Amino acid sequence: MPQKDPCQKQACAIQKCLQANKYMESMCEDVIRNMRRCCEVHRGNSTCCSGFKDSKPTENKNET
């Protein structure tokens with residue numbers, strides 16, 4: 001029996017939040033942050049993290 005993806009719960013929470021908030025990412029920042037944390041811990045063991053591998057939130061977009 002295949003093992004459950006360790007970050008599947010967070011990935012589903014992102015989808016649920018985005019759907020509930022008309023896909024406004026700004027309304028789901030805390031849920032997305034939780035997914036990033038999970039992916040940091042389970043990077044090699046989670047297929048749900050494939051889109052989060054090297055993506056990090058930009059703290060300040062005006063830096064040069």
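Tutor: Start here: Cys17 and Cys28 form a disulfide, S to S 2.1 Å. Keep in mind that this is a predicted model.
Student: Which parts does the pair of Cys17 and Cys28 tie together?
Tutor: Cys17 sits in helix H1 and Cys28 in the loop between H1 and H2, so the link ties parts 11 residues apart in sequence.
Student: And what's the handedness of that disulfide?
Tutor: Left-handed, because the torsion about the S-S bond of Cys17 and Cys28 is about -100 degrees.
Student: Are Cys17 and Cys28 buried or exposed?
Tutor: Both Cys17 and Cys28 are buried.
Student: How many disulfides in the whole structure?
Tutor: A search finds 3. Cys7 and Cys38 make one of them, with sulfur atoms 2.0 Å apart. Cys7 is in the segment before H1 and Cys38 in helix H2, so that pair ties together parts 31 residues apart in sequence.
Student: How accessible is Cys7? And Cys38?
Tutor: Cys7 has a relative accessible area of 0%, so it is buried. Cys38 is at 7% and counts as buried.
Student: What does Cys39 pair with?
Tutor: Cys49, S to S 2.0 Å. This pair links distant parts of the chain: Cys39 is in helix H2, Cys49 in the segment after H2, 10 residues apart. The torsion about the S-S bond of Cys39 and Cys49 is about -90 degrees, so this disulfide is left-handed.
Student: What's the overall pattern of the disulfides?
Tutor: Counting bonded cysteines along the chain, 1-4, 2-3, 5-6. Cys12 is in no disulfide; its nearest cysteine sulfur is that of Cys48, 6.9 Å away. Cys12 is partly exposed, at 45% relative accessible area.
Student: What about Cys48?
Tutor: No disulfide there either; the nearest cysteine sulfur, that of Cys49, is 6.7 Å away. Cys48 is partly exposed, at 27%.
Student: Switching to the helices. At what angle do H1 and H2 pack?
Tutor: About 160 degrees, with the axes 9 Å apart. H1 covers residues 8–20 and H2 residues 29–42. The two are therefore roughly antiparallel. H1 passes H2 in a left-handed crossing.
Student: Which residues in H1 and H2 meet?
Tutor: From H1, Gln10, Ala11, Ala13, Ile14 and Cys17. From H2, Val31, Ile32, Asn34, Met35 and Cys38. By class, the contact of H1 with H2 has 8 nonpolar, 2 polar and no charged residues.

Terms used:
Residues numbered from 1 in each chain as written. Predicted model: local features only at pLDDT ≥ 70, side-chain atom pairs only at ≥ 80, totals over all residues. Heavy atoms only, no water. Axes fitted to C-alpha atoms, helices over the stretch in contact; angles between N-to-C directions. Helix = DSSP H or I, 4+ residues; strand = E, 2+ residues; numbered from the N terminus. Parallel < 35°, antiparallel > 145°, perpendicular 65-115°, else oblique. Left-handed = near helix turned anticlockwise from the far one by under 90°. Contact = heavy atoms within 4.5 Å. Nonpolar A, V, L, I, M, F, W, Y, C, P; charged D, E, K, R; others polar. Disulfide = S-S within 2.5 Å. Buried < 20%, exposed > 50% of the residue type's maximum accessible area, 1.4 Å probe, protein only.
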